[in-house]
Amino acid sequence: MATGNPRNKVALAPGRSLMDWIRLTNSGVDLTGVGGRRREVTKDELARHSRPGDLWMALRGQVYNVTRYVEYHPGGADELMRAAGADGTELFDSVHRWVNYEGMLSKCLVGKYVGEQSLAKSLIRKALGVGGGGGGSSGNSLAPPPGPASLRPPAPAPARPPPRPAAGPDFDWFQSPQQLHLITYCRQPGLTADDVSVRLTGRRLLCRVYLRDSVFTLHWELPEDVSPDAHTSVSSAGKVEIVLEKRRAAQWASTGRVLAGHRTSTPLAQFCPEFVSFVLVERRPVSHDTRLLLLQPPAGCSLRVPLGFHVFVRRTVCGAQLERPYTPVPESVGEAAAAAAAAERQLCLMVKVYPDGVLTPQLDALRLGQTLEVSEPVGTFRRRPQDVAELVALAAGTGLTPMVGLVRAVLDQSAEAPVRLVTFVRRQRDLLWPDQWAALAERQARFSVLHVLSEEEAESAWSGRRGRVSAPLLEELIPEPARPGLLVAVCGPTAFSAACSRLLAELGVPGQQVHVFDG
Ligand SMILES: Cc1cc2nc3c(=O)[nH]c(=O)nc-3n(C[C@H](O)[C@H](O)[C@H](O)COP(=O)(O)OP(=O)(O)OC[C@H]3O[C@@H](n4cnc5c(N)ncnc54)[C@H](O)[C@@H]3O)c2cc1C
């Protein structure tokens with residue numbers, strides 16, 4: 001329901017917040033249970049520590065004693081017990097790959113996980129200087145990136161493209177004395193400029209193209225300087241062209257040096273984003289506890305966010321590195337062209353501040369001009385707005401954030417689709433952008449908005465809806481549950497999303513036509 005909790009949490013006992021955990025880890029208590037001396041742990045030994053009171057777990061080749069951490073785990077003890085005495089890497093990655101567990105559990109580190117290997121064998125290998133003791137069985141590790149290589153085309157120009165890898169989009173490039181053109185043929189209609197990010201750090205060029213199931217990367221060190229403003233265009237057939245202006249007009253003998261990950265395609269769910277330092281340039285109030293943060297990227301960085309994707313904000317709190325997801329929004333629900341132009345220049349986050357939260361009070365205290373570490377976008381939402389025949393968006397609290405872009409995109413890109421936004425908050429003062437939504441409904445006959453309040457005082461002047469998400473409400477909103485092309489998008493706290501999913505299934509909305517934004 002529309003609680004004040006952020007998404008994806010279970011209730012923890014008092015005194016068991018993240019801050020309490022950080023305090024405990026800094027208190028000097030031995031959380032490893034083995035005196036803090038690092039050791040190698042076999043699969044058999046790991047399996048012997050598999051119950052409450054004596055709980056170990058392997059994560060990416062390291063074994064942690066999580067006995068004391070159980071009470072502090074935001075996902076609850078049961079979730080942690082699923083990997084008790086075992087390798088939890090796969091489970092961890094599937095649930096919240098982005099939690100910085102190394103920082104969180106560093107004081108619980110027992111040692112290296114050597115899997116099936118016997119300790120004696122591992123000691124012999126060590127004595128012989130043979131590397132590698134086995135590192136868990138995550139099954140998620142990425143292949144090692146290709147080493148540096150030269151992209152030197154045969155001189156003179158026009159140069160020939162470098163050899164193609166086995167899979168992934170086709171890639172080509174050509175140059176004139178003034179410009180370098182990089183062309184990726186994705187053969188994926190529906191790609192937009194928001195699916196392409198370009199980042200120049202000195203001569204290092206990192207381009208990401210977010211495809212339907214994967215992220216395609218171009219990664220280079222250019223031989224000479226280029227202007228930091230790359231020009232990107234995306235054709236309706238899925239051809240992505242990035243044009244860089246050379247600082248010195250000349251034909252280059254080579255395009256430079258290939259860097260790690262160049263021309264690789266990474267499945268969306270396994271993509272590891274880099275972090276970039278943004279500067280806070282403006283803070284605007286949205287409601288009594290929610291702010292809009294406008295963040296300026298560094299020169300050379302055009303970090304666009306695919307529809308429905310989120311970024312991570314990273315801060316160090318009491319020595320522990322914390323990451324929290326936020327879904328960037330347009331600056332307003334106003335004109336699409338203006339929103340697109342603004343998105344090219346700035347990243348905009350709508351953040352609700354929890355006075356007792358770990359990260360958001362810090363974000364609220366950040367002064368203009370200070371920097372914030374923000375990740376490249378991650379996510380899995382890959383529906384094309386032009387394929388949507390009808391959109392019903394159900395948003396609780398700041399679960400509104402992915403809906404802002406989605407509502408706009410469906411209104412802009414589908415000719416006739418009716419779009420209905422329903423927001424669930426506690427009180428009238430918690431509404432986010434009610435005037436802007438009302439203005440949009442005035443302008444767009446296809447769009448309507450409904451606000452549902454769960455805790456508004458009975459004597460208040462509010463004449464709109466009250467209550468929570470319910471079967472009668474959804475029946476009214478979705479008269480044709482099996483309509484082809486219907487999309488019901490849901491975002492909010494875990495309990496809200498679970499209630500919506502259940503009610504929508506009972507109503508007869510096919511599962512593949514429901515999208516829950518849950519990170
Ligand atoms: C994919 C995704 C996108 C998101 N996008 C946005 C967005 O655009 N805007 C936005 O404002 N937020 C968004 N969030 C939520 C955001 O990531 C943070 O969770 C939120 O900002 C709170 O962070 P915090 O560190 O300040 O608070 P926390 O320290 O996490 O605490 C927040 C509140 O919850 C309570 N709490 C903490 N843990 C528990 C628990 N286990 N049980 C019960 N209560 C608990 C705290 O007491 C506090 O009142 C998103 C979340 C996800 C998963």
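Buried means under 20% relative accessible area, exposed over 50%, and partly exposed in between (1.4 Å probe, protein chains only). Keep that handy for the exercises.

This is a predicted model, where local features need pLDDT of at least 70, side-chain atom pairs count only at pLDDT 80 or more, and totals for chains, interfaces and linings use all residues. Residues are numbered from 1 along each chain as its sequence is written, and side-chain values use heavy atoms, with hydrogens and water left out.

**Exercise 1. Work out whether Arg208 is buried or exposed, and find its salt-bridge partner.**

Step 1: Arg208 has a relative accessible area of 7%, so it is buried.

Step 2: A salt bridge is a side-chain nitrogen of Lys or Arg within 4 Å of a carboxyl oxygen of Asp or Glu. Arg208 makes one with Glu376, at 2.7 Å from N to O.

Step 3: Now place the two ends, using helices (H or I, at least four residues) and strands (E, at least two), which are DSSP runs numbered from the N terminus. Arg208 is in strand S10 (residues 204-210), while Glu376 is in the loop between strand S22 (371-375) and strand S23 (390-396), 168 residues apart.

Step 4: Glu376 comes in at 4% relative accessibility, so it is buried.

**Exercise 2. Describe what the side chain of Arg314 does.**

Step 1: Arg314 meets Glu323 in a salt bridge, 3.9 Å from N to O.

Step 2: Check accessibility: Arg314 has 21%, so it counts as partly exposed, whereas Glu323 has 12% and counts as buried.

Step 3: Look for a ring. A charge sits over a ring if NZ of Lys or CZ of Arg is within 6 Å of the ring centre and within 35 degrees of the ring normal. The charged end of Arg314 sits over Phe275, 3.9 Å from the ring centre.

**Exercise 3. Classify the aromatic pair of Phe171 and Trp220, then that of Tyr210 and Phe309.**

Step 1: Rings of Phe, Tyr and Trp (its six-membered ring) pair if their centres lie within 6.5 Å; planes under 30 degrees apart count as stacked, over 60 as edge-to-face and the rest as tilted. The count comes to 8 aromatic pairs.

Step 2: Phe171 and Trp220 are 5.6 Å centre to centre with 55° between the planes, a tilted pair. Phe171 belongs to strand S7 (residues 170-175) and Trp220 to strand S11 (residues 214-221), so the pair ties together parts 49 residues apart in sequence. Both Phe171 and Trp220 are buried.

Step 3: Tyr210 and Phe309 have ring centres 5.6 Å apart and planes at 85°, so they are edge-to-face.
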